[in-house]
Amino acid sequence: MKINQALDLNQPGSHERGAPARERLLQEALRIFADKGFAKASTREICQAAGANVASIHYYFGDKAGLYRAVLLRPIEALTSELTHFDDPALPLEEAVRRLMTAFLCPMRVDGVADEHAERGMKLHLREMVEPSAAYKEVIAQYIQPHHQRVVMLLARHVGATEPDDALHHLAFALLAMVHDYSLSREFMNVLAPALLDGDEAVRQVLNRLVGYGVALVGHERGVRAMAN
């Protein structure tokens, strides 16, 4: 049986049905990959959970690896879509840092409620940080590296550097580590300080503090460079 026959892709309305079917596959694959990892996840299990024909993975994603790459990309695409104007040269430093950190901190909640898909995406990326796959390294190099360079160039402007250097990479990692940890360590924080991030107002307060800390870090680096000159 041909794939398009198995999926009834030539039938009326098939294209309209295709988008929801693909989305169900991505959602169930995210859940299962996050729980089990790539190696232990079964394409048959994913298709059964999504109510899809086993041929659908081949049609939409090529193979299991293609599906996994698409799942890895979902949270990254959501993040990078929020990083459009943070490095506008016309922005003051504080506003630039706020826009940058907002992209990392706020997507974890939707209308004041924890975003289940974002949390699963973070769980999957935590797995990859412990044992990075070739697919993950490729995705990071292709989709994250350009934005990291934008952060470094932003910092260079605000510390008076003419070009990127190792210290600016350290500063970029430090800035993003602060806000990123509120996503990566959310459950750990809830144990140590329950309700610390409970509600939109709490998240706004955290964001305000992190922006202040970030501006202070940039000021420190600027001072270090001034003393060295």
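Trainee: What kind of model is it?
Mentor: It is a predicted model.

Trainee: How many helices and strands are in the chain?
Mentor: Eleven helices and two strands. From the N terminus, the order is α-α-α-α-α-α-β-β-α-α-α-α-α.

Trainee: What share of the residues counts as buried?
Mentor: 39% of the 229 residues. The accessible surface comes to about 12,900 Å², and carbon and sulfur atoms hold 56% of that.

Trainee: And the contacts, how many join residues at least 24 apart?
Mentor: 69%, counting contacts between residues at least 6 apart in sequence.

Trainee: On to the inside. How many residues are in the largest nonpolar core?
Mentor: It has 34. Among those with the most contacts inside it are Leu 100, Met 101, Leu 105 and Tyr 182. Helices 6, 8, 9 and 11 each give two or more residues.

Trainee: Which helix gives the largest share?
Mentor: Helix 6, with eight residues.

Trainee: Then tell me about helix 6. What does it span?
Mentor: Residues 93-105, so to speak its 13 residues, reach 18 Å from first C-alpha to last. That is close to the 18 Å expected. Its buried residues include Leu 93, Val 97, Leu 100 and Phe 104.

Trainee: What do those buried residues pack against?
Mentor: Helix 5, helix 8, helix 9, helix 10 and helix 11.

Trainee: New topic: Cys 47. Is it buried or exposed?
Mentor: Cys 47 counts as buried because its relative accessible area is 1%, and the cut-off is under 20%. Cys 47 sits in helix 3, residues 43-50.

Trainee: Which residues is Cys 47 in contact with, leaving aside those within four places in sequence?
Mentor: Leu 25, Ala 52, Asn 53, Val 54, Ser 56 and Ile 57.

Trainee: What about the surface, which residues make the nonpolar patch?
Mentor: Phe 188, Val 191 and Leu 192 make a patch of about 370 Å². Phe 188 lies in helix 10.

Trainee: Why does Phe 188 count as exposed?
Mentor: Because its relative accessible area is 56%, and exposed means over 50%.

Methods:
Residues numbered from 1 in each chain as written. Predicted model: local features only at pLDDT ≥ 70, side-chain atom pairs only at ≥ 80, totals over all residues. Heavy atoms only, no water. Helix = DSSP H or I, 4+ residues; strand = E, 2+ residues; numbered from the N terminus. Expected span 1.5 Å × (residues − 1). Buried < 20%, exposed > 50% of the residue type's maximum accessible area, 1.4 Å probe, protein only. Contact = heavy atoms within 4.5 Å. Core = buried A, V, L, I, M, F, W, Y, C linked by side-chain atoms within 4.5 Å. Patch = residues over 30% accessible without salt bridge, like charges linked within 9 Å, V, L, I, M, F, W, Y side chains within 5 Å. Areas by Shrake-Rupley, 256 points an atom, 1.4 Å probe, with all protein chains shown as cover. Salt bridge = Lys/Arg side-chain N within 4 Å of Asp/Glu carboxyl O.
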